[in-house]
Amino acid sequence: MLQIKNLKAAINGKEILKGINLNVNAGEVHAIMGPNGSGKSTLAGVLAGREYIEVNHGSVFFNGKDILDMAPEDRSREGLFLGFQYPVEIPGVSMVNFIRTALNEHRKYKNLPPLSASDFLKTMREKQELVEITAKMTNRSVNEGFSGGEKKKNEIFQMAMLEPKLSILDETDSGLDIDALKIVANGVNKLRRPDNATIVITHYQRLLDYIVPDFVHVLYNGQIVKSAGKELALELEEKGYDWIKKEIAV
Amino acid sequence: MDTSQDSILAEVTGSDYKYGFVSNIDTETIQKGLNEDVVRIISAKKNEPEFMLEFRLKAFKYWQTLKQPEWAHLKIPAINFQDIIFYAAPKQKKQLNSLDEIDPELKATFDKLGIPLNEQKHMTGVAVDAVIDSVSVKTTFKDTLAEIGIIFCSFSEAVHEHPDLVKKYLGTVVPYTDNYFAALNSAVFSDGSFCYIPKGVRCPMELSTYFRINAANTGQFERTLLIADDESYVSYLEGCTAPMRDENQLHAAVVELVAMENAEIKYSTVQNWYPGDKNGKGGIYNFVTKRGICKEKNAKISWTQVETGSAITWKYPSCILKGDNSVGEFYSVALTNNYQQADTGTKMIHIGKNTRSRIVSKGISAGFSNNSYRGLVKVLRGAEGARNHSQCDSLLLGSTCGAHTFPYLEVDNPSAIVEHEATTSKIGEDQIFYCNQRGIKTEDAVGLIVNGYAREVLNQLPMEFAVEAQKLLSISLEGSVG
């Protein structure tokens, strides 16, 4: 589904990603872990098409298409979803209006007619239940005045609505209490299907107790320095990132 | 990051004006220029009674003693009044008795603007007075409204059919001595709408006037007078467009509203005069005086304006809150793009006891434009318990435009509570990217964000027009972000 080959990227001329290689297949959950500043969010940003990140080398294929030259909205319509670490507020734009606009853009891309109002509301109710968010929340403006937990739940709700092929969840666990974390993780697990994939970016192992990954990759200094099964996360938790740093130094 | 935002902006603000076409209408015009004879000619053309000519001549004499005001935050090139045609009327072969007889070209013009002049086909519940250049060409639903005592007609017609009402109220809210452009308008105004809602009547449909400038080298000077008698209600809407021309055209209107005891007037404007091209060439100078008086107790006047057009806008719809417990409201979205300039706001004059006013102003600036809010809240000594809340927000798109706020507060009663809040923000690259990531392209994202920002004001518009206004906001920004 996703093939990243020797990807190098910089911000303001400073190289952050120094040759990333990663393959993600349908049905898989990958966790990307690493200390602060290792390039985790930059990787998510490159995949989603952040303009301020300069890609200097390498390729990213998503469903057989080179997406590096694709506009961010087209990547989204192709089925790439980014759950933001810090979802922004858009005052005055109701969540309903926002997600309906987005959903209909996705449908237009697939040559489907816009969803009727009743079908849309039905879908919305189903997905709200799935991710345990209240109707009240969707009637508010996008993320405006939402608590940290509500913002993250709202990301998962949007993910449920758009049914992406690949979801990248960037530090979705940051700022969440344990109850919110469970709800978010639960939502992600329910949305998991054999034909989609998830990349969970996290600093801590905690989230991976609830979203169990098939693979864990350690990103350090702009490169994936270690990949293994889910047990790697536990090992990291126990030994800390210093262990990896030392191992690399050797 | 500013540079990438600028490139975004450059792309979204630069679309074409949808209503820039010129209609081939046979037009009768008078000679260019302004002098006493021109004033007399206009009055004679309209076959006016003596009191009207007197009013015009007094105004003209007064205007000659005035100088164009310079206090606004606007750069207004010198206007050569001798180069303007002050009267232009589509020629009509004969008196119109039915719709079938309307000049097909005129009808086509209004069809093209989405303003059908046919009652059956018309949007349900909206009566229209259509004004092109200097005259009103058609008022719909006049008879239906007359059945419940509502007078809704062109100003010229009112002068003939209801001279007592015109005489009683004309110039009582905006006297011809009020300001330079009001004096000019009083001297040369050629048409506009007149409306009277009798006691206890709730107007069953939206009333609206659609203003269209078509002829070249002309100015449009219209006058609207709206009176809501005791216990009545009316919602009124005006819209305006003009062809794209390289030269600037002057539009100097006066609107007077009178609300009696327990009456309510809701007045909405969607102003979309031609704004000029991307380089600031051409466009309408929109110098308008709008004022309403809550004459008796518990009256309410609410102004809502969506201002997206005009090269220069100079406009302050105001409320004189004379009756005790009366309420004044001003909701405004002013959007400027390219080289447009706007200096707009309101005046709330609290005279009666327990009078309340609310101001919500949302400025949006893009391109190289300048957008100013200017507002006065004045509480007179007798206005015991007066309250005002003002909220003035500015949204900047890009780094080459300007937003300014000039609030004036004059409070002479210690029991008054006056609050003013102001914010300035930039449209966030993060907001746009968030929308992109959900599949919404930048242009649509900006439209969505701007409409969200203006929602509090747009919510005040009648349903049918709120949708139009939303589209207009998005269209007016096309090319400014991308």
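Of the 482 residues of chain B, 57% count as buried. This description rests on a predicted model. Chain B contains 12 helices and 23 strands. Among the contacts in chain B with a separation of 6 or more, 83% are made by residues 24 or more positions apart.

## Parallel strands in chain B

Strand 17 of chain B, residues 327-336, is mostly covered, since 9 of its 10 residues are buried. Strands of a sheet pair through backbone hydrogen bonds, either parallel or antiparallel. Strand 17 of chain B pairs in the parallel sense with strand 14 (residues 300-307) of chain B, over 8 bridges.

## The largest nonpolar core

In soluble globular proteins, nonpolar side chains tend to be buried together. The largest nonpolar core of this model has 199 residues. The members that touch the most other members are A:Ile168, B:Ala228, B:Leu257, B:Ala259, B:Ile265 and B:Ile449.

Which residues does B:Ile265 touch, not counting residues up to four places away in sequence? They are B:Leu226, B:Ala228, B:Val234, B:Tyr236, B:Leu257, B:Ala259, B:Gly292 and B:Ile301.

## Chain A: overall form

Chain A contains 9 helices and 12 strands. Its radius of gyration is 18 Å, close to the 18 Å that the globule rule gives for 250 residues, so chain A is as compact as a globular protein of that length. The C-alpha trace of chain A spans about 60 × 40 × 35 Å along its principal axes.

Of the 250 residues of chain A, 43% count as buried. Residues 24 or more positions apart account for 71% of the contacts in chain A with a separation of 6 or more.

## An open sheet in chain A

In chain A, 4 strands form an open sheet in the order 2-1-4-5, with antiparallel pairing. Strand 2 (14-24) and strand 5 (65-66) of chain A are the edge strands, and each pairs on one side only. Strand 4 (residues 53-62) of chain A runs antiparallel to strand 5 of chain A, and 2 bridges join them. A:Phe61 has A:Asp66, in strand 5 of chain A, as its bridge partner.

Two asparagines deserve mention here. A:Asn6 lies in strand 1 (residues 2-11) of chain A. A:Asn6 has a positive phi of about 45° although it is not a glycine. A:Asn6 is exposed, because it has 12 other C-beta atoms within 10 Å, and a residue counts as exposed at 12 or fewer. A:Asn63 is found in the loop between strand 4 and strand 5 of chain A. The phi of A:Asn63 is also positive, near 55°, in a residue other than glycine. A:Asn63 has 14 C-beta neighbours inside 10 Å and therefore counts as partly exposed.

## Helix 8 of chain A

Where do the buried residues of helix 8 of chain A lie around its axis? Helix 8 of chain A comprises residues 231-239, and its buried residues are A:Leu232, A:Ala233 and A:Leu236. These three residues cover an arc of only 105° around the axis, which means that they lie on the same side of helix 8 of chain A. The face turned away from this buried side carries the exposed residues A:Glu231 and A:Glu238.

The cover over the buried residues of helix 8 of chain A includes strand 3 (29-33), strand 11 (215-220), strand 12 (223-228) and helix 9 (241-249) of chain A. Just after helix 8 of chain A comes A:Gly240, with a positive phi of about 80°.

## Where the two chains meet

How many residues of chain A are in contact with chain B? There are 23 such residues of chain A, in contact with 18 residues of chain B. Helix 2 (72-78), strand 7 (90-94), helix 3 (95-109) and helix 6 (148-162) of chain A each supply at least two residues of the side that touches chain B. The residues on this side of chain A divide into 12 nonpolar, 6 polar and 5 charged.

Terms used:
Residues are numbered from 1 along each chain as its sequence is written. Chains are lettered from A and ligands numbered from 1 in the order in which they are written. This is a predicted model: local features need pLDDT of at least 70, side-chain atom pairs count only at pLDDT 80 or more; totals for chains, interfaces and linings use all residues. Two residues are in contact if their C-beta atoms, placed from the backbone, lie within 7 Å. Ala, Val, Leu, Ile, Met, Phe, Trp, Tyr, Cys and Pro count as nonpolar, Asp, Glu, Lys and Arg as charged, and the others, Gly among them, as polar. Two strands pair if DSSP finds at least two bridges between them. A nonpolar core is a set of buried Ala, Val, Leu, Ile, Met, Phe, Trp, Tyr and Cys residues joined through C-beta atoms within 7 Å. A residue is buried if 20 or more other C-beta atoms lie within 10 Å of its own, exposed if 12 or fewer, and partly exposed in between; C-beta atoms are placed from the backbone. The arc is that of the directions from the helix axis to the C-beta atoms. The radius of gyration is taken over C-alpha atoms; the globule rule is 2.2 Å times the number of residues to the power 0.38.
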